[in-house]
Amino acid sequence: MSFLDAIAAKPWLPQAAPPPRAGTATAAATVGLRVFLGVISALFGLLTIALLVRSRLPDWQALVGVPGAPLVGLGALWLNTALLAASSVALQAASSAARREHLGAARLALALGGILALAFLGGQGAVWQQFMTSGHFVASNPATSFFYLLTGLHGLHLAGGLVALARATMHAWGEDTVPQLRAGASLCALYWHFLFAVWLLVFALLASPPETLATLADICGIG
Amino acid sequence: MSHADSHADSHAEPLGFWNRYIWSQDHKVIAIQYSVTAIAVGLVALVLSNLMRLQIGFPGAFEFIDAASYYQYVTMHGMIMVIYLLTALFLGGFGNYLIPLMLGARDMVFPYLNMLSYWVYLLAVVVLMASFFVPGGPSGAGWTLYPPQSILPGTPGTDGGIVLMLVSLVIFIVAATMGGLNYVTTVLQARARGMTLMRMPLTVWGIFVASILALLAFPALFVSGVMMLFDKLLGTSFFMPAIVSMGQQLDHAGGSPVLFQHLFWFFGHPEVYIVALPAFGIISDLISTHARKNIFGYRMMVWAIVGIGGLSFVVWAHHMYVSGMNPYFGYFFATTTLIIAVPTAIKVYNWVLTLWRGDIHLNVPMLFAIGFISTFVIGGLTGLFLGNVSVDIPLSDTYFVVAHFHMVMGVSPILAIFGGIYHWYPKVTGRMLDDTLGKLHFWVTFLGTYAIYFPMHYLGFLGMPRRYYAYEGYEFIPASAQDLNAFITVAALVVGVTQLVFLFNLGWSAFRGKPAGSNPWGATTLEWQTPQTPPAHGNWGATLPEVHRWAYDYSVPGAARDFIPQNVPQDGDAEGDDGQVWEGHA
């Protein structure tokens, strides 16, 4: 029953109590995580709007496409993107292995996903290092401010996910039951896919030349 | 629904003192922790407001109130009341206590997260209070914290105060997010069998939609807070324009102060409804219960709550008509602002129609509920004035605005909170609050707040600007305005002191109050049907309740008593848990 159907009901009319829900219900943790993903969407959506507004002001110097821009090549960021994508794929594999009760494969895939995510964070740190050695600090230009802010917040969210993933992995190597492992792996996979999508958005915003940002801002009605 | 049994085995667990009352994962204990903390910090804000009034009513009479401390009082009073008292008390206090009990659940779905939410909230409060003790004192930037002034020298508290304020807000948002995830997921997942969405009491609907608003709106405050911390601590220019401060050209350049205002109000306006929607829900249940009548237009009430929640995200720039934003925005935001009056008016009509020919019991919760309606109508109507750009511009930043938002966002929610406390206190403690003290508390608070805020509308029309430390030497303000200000201050002091009566009542009645029994008001909703009062850990004993009817079966024709609880079956001579025969339902 959709939400709209539900709120069209007339509760004052007598009716028998509905039977318990048939089939497998969604676990509370999954619903909770989905709601949390909504919160993160709001967070990064607002940061995107803020970036677009700020990029329309005259002192903005894009990270690419202008002389002296800090992002000379996108190679490092593409490599990080590949690491995060692989991490996401590994966790998906862990989730499906757990569903098919292949415990060994699930354990390995969980651990691999974690290592790849750590590698991604390390890679992001290397890009920060590269920015700083070339003299692009957080206050150098609003575009670099946004670079540190967005990559930092994204990294913090991933680090938070790593805590959950570490717990799930340790449980998997311990004496946890299959249903718990299955739940943990599928929650981590969902969160990882989402953070990968957020990273693609962040990457696209940071790597956009000024004209693209201007077009986006126009579409959003930011003059 | 299917998860209603998930804590079935936890209700008999023996717990030590620490786990039961301090590191508790029981939603009822967490609710009390949240409420006590919020009320304590609210008292600080109340004292600050009285100190402010002393300066305005009797300028210069109190030497320790200088301009800087006056601005600090204004700022801390506003921020504490809106965020740390009202938001925390409605969601963390009422939400925590009532959602599982009203839905027939054993607890929140994530009890550990719930406990964490309280302790993180407490940390936010401690960080905020710490700003009173740092060099330079707390921020004096006004509760809206507009840059550039909020982080530049000249404004009080720009050393440590503003940093602690922003850090505290960020911590609070983490706590509110953990709480909100719990409230929303519990409503979606943990309802007792038979508790459809449309059988939920309106209190739960209000808290549910307000929690969604909080989850989506607080990120805007988070973003603006973090970006402002960057500007203050790392020297970025998100919001800071090129500026000469104290004769020095600062390093900032090119930032947009209006961007901060957009972000702040994208949070700030839904915040009004984060506070108002739970109040709407509580008032609906109080009026229906104490008028012994089903709520008029239940479906409309639910739709209005959902509609107001949606609309609250598209009105934010009505706070910014004089900000220098594109003037064409004003048309859009004035229109949406006036549209939001429609569902709000539906709610007011429905409350009045519920009272119409009801069996009105003028007890203390009902007095507060009726007081809420008139206060909210008055505050709402002045909102229609201010929602119009051409009326707002001359009134902006005058005492008319102060009067408006205190009626609609200060007094109204606090009346709903008092009504709710008088209503549910018997369930929380098993004892009634003292009636005479309660009536004294109501009448002084109700009449007193009108004595405070009615004259402020007039002062606003005179053009008296808000946030001024002293009003000497302004030719357009007549000398008689000072008499009015002295009168307002006396009224504010009386109202402030009267709250001690309420606190005394809370403490005294917990031990000496009249025993309440399980359902002193004859209410239908599930929280009044628990096997023990106060409810034990796990709420429901061995079996969970089943829900057979909506929350408003009051004065059903042909029924033996004037209410039928939600867990009484529909058919024939159904018996309740206590062996009570409820007779047939037409």
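## Basis of the description

Residues are numbered from 1 along each chain as its sequence is written, and chains are lettered from A in the order in which they are written. Because the model is predicted, local features need pLDDT of at least 70 and side-chain atom pairs count only at pLDDT 80 or more, whereas totals for chains, interfaces and linings use all residues.

## Contact between chains A and B

In this model, 34 residues of chain A are in contact with 45 residues of chain B (contact: C-beta atoms, placed from the backbone, within 7 Å). On the side of chain A that touches chain B, two or more residues come from each of α2 (28–55) and α5 (142–173) of chain A (helices: DSSP runs of H or I, at least four residues, numbered from the N terminus). The largest share, 14 residues, belongs to α2(A).

By class, this side of chain A has 27 nonpolar, four polar and three charged residues (nonpolar: Ala, Val, Leu, Ile, Met, Phe, Trp, Tyr, Cys and Pro; charged: Asp, Glu, Lys and Arg; polar: the others, Gly among them).

## The largest nonpolar core

The largest nonpolar core has 234 residues (a core: buried Ala, Val, Leu, Ile, Met, Phe, Trp, Tyr and Cys residues joined through C-beta atoms within 7 Å; buried: 20 or more other C-beta atoms within 10 Å of the residue's own). Its largest share, 24 residues, comes from α3(B).

Among the members that touch the most others are Ala94(A), Leu103(B) and Val223(B). Leaving aside neighbours within four places in sequence, Val223(B) is in contact with Leu43(A), Leu46(A), Leu47(A) and Ala50(A), as well as Leu263(B).

## Helices α3 and α7 of chain B

Helix α3 (residues 67–103) and helix α7 (residues 257–290) of chain B have axes that come within 10 Å and cross at roughly 40 degrees (axes: lines fitted to C-alpha atoms over the stretch in contact; angles: 0 to 180 degrees between N-to-C directions). The contact residues divide into eight nonpolar, one polar and one charged.

## Helices α13 and α14 of chain B

Helix α13 (residues 399–429) and helix α14 (residues 435–462) of chain B pack at an angle of about 170 degrees, with their axes 8 Å apart. The two helices are therefore roughly antiparallel to each other (over 145 degrees). The residues of this contact divide into 12 nonpolar, five polar and no charged.

Terms used
Buried ≥ 20, exposed ≤ 12 C-beta atoms within 10 Å, placed from the backbone. Contact = placed C-beta atoms within 7 Å. Parallel < 35°, antiparallel > 145°, perpendicular 65-115°, else oblique.
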